[in-house]
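Please examine the sequence and the three-dimensional structure below.

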Amino acid sequence: MAEGQSDTFWKSLYIYFNEMDFESQLFVKKIYKIIILTVAIISFIIAYFLERFSVCVYSTIGASVLCILVLAPAWPMWKKNQPNWQQANWQKQK
């Protein structure tokens with residue numbers, strides 16, 4: 001890749017992952033906590049009866065990876081409540 005193409009790629013990747021509105025950030029955080037906690041409790045119970053702690057660890061890691069893939073990117077559904085920013089006033093104040 002040429003230098004300009006590389007910069008454009010990283011800039012678009014940054015915007016894709018970081019342009020999420022505040023309300024959606026709170027919603028995603030709540031979903032993430034619910035999913036991880038639910039999977040951890042259920043997998044702990046299953047691991048207790050199977051007497052294999054690795055079941056608990058692997059299922060919690062799997063749920064974390066799934067949450068990262070689904071919730072981390074700023075999908076269009078997380079960009080519904082974009083703030084309306086004021087235009088910058090670059091004129092010098094006297």
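Is F22 buried or exposed? With a relative accessible area of 57%, F22 is exposed, where exposed means over 50% relative accessible area, buried under 20% and partly exposed in between, with a 1.4 Å probe and protein chains only. F22 lies in helix α2. Although F22 and N81 are 59 residues apart in sequence, their C-alpha atoms are 7.9 Å apart in space.

The model is a predicted one, in which local features need pLDDT of at least 70 and side-chain atom pairs count only at pLDDT 80 or more, while totals for chains, interfaces and linings use all residues. Residues are numbered from 1 along each chain as its sequence is written, and side-chain values use heavy atoms, with hydrogens and water left out.

The protein contains three helices and zero strands; helices (H or I, at least four residues) and strands (E, at least two) are DSSP runs, numbered from the N terminus. From the N terminus on, the order of elements is α-α-α. Of the 94 residues in the protein, 16% are buried. The accessible surface amounts to about 8300 Å², and carbon and sulfur atoms account for 67% of this area, as given by the Shrake-Rupley method with a 1.4 Å probe, with only the protein chains shown counting as cover for residues. A contact means heavy atoms within 4.5 Å. Among contacts between residues at least 6 apart in sequence, 69% join residues at least 24 apart.

UniProt, in an unreviewed entry, places the feature "transmembrane region" at residues 31-50 and 55-75. UniProt positions are given in the numbering used here, feature names are shortened, and annotations may be inferred rather than shown by experiment. In the model, residues 31-50 are 100% helix and 0% strand, with end C-alpha atoms 28 Å apart. Residues 55-75 are 81% helix and 0% strand, and the end C-alpha atoms of this span lie 31 Å apart.

S24 counts as buried because its relative accessibility is 7%. Leaving aside residues up to four places away in sequence, S24 touches M77, W78 and K79.

Which residues form the largest nonpolar core? This core has eight residues, namely M20, V28, I36, A63, C67, L71, A74 and W78. The elements that give two or more residues to the core are α2 (22-50) and α3 (53-71), and α3 provides the largest share, three residues. A nonpolar core is a set of buried Ala, Val, Leu, Ile, Met, Phe, Trp, Tyr and Cys residues joined through side-chain atoms within 4.5 Å. The contacts of M20, not counting residues up to four places away in sequence, are with Q25, V28, L71, A72, P73, A74 and W78.

S64, found in α3, counts as buried because its relative accessibility is 19%. Beyond residues up to four places away in sequence, S64 touches Y32 and I36. Y58 is also found in helix α3, but counts as exposed because its relative accessibility is 60%. Between Y58 and A40, 18 residues apart in sequence, the C-alpha to C-alpha distance is 10.0 Å.

The structure holds one aromatic pair. The ring centres of Y48 and F49 are 5.6 Å apart and the planes stand at 80°, so the pair is edge-to-face. Rings of Phe, Tyr and Trp (its six-membered ring) pair if their centres lie within 6.5 Å, with planes under 30 degrees apart counted as stacked, over 60 as edge-to-face and the rest as tilted. Both Y48 and F49 are exposed.

After α2 comes E51, which is found in the loop between α2 and α3. Most residues other than glycine have a negative phi. E51, although not a glycine, has a positive phi of about 60°. With a relative accessibility of 71%, E51 counts as exposed.
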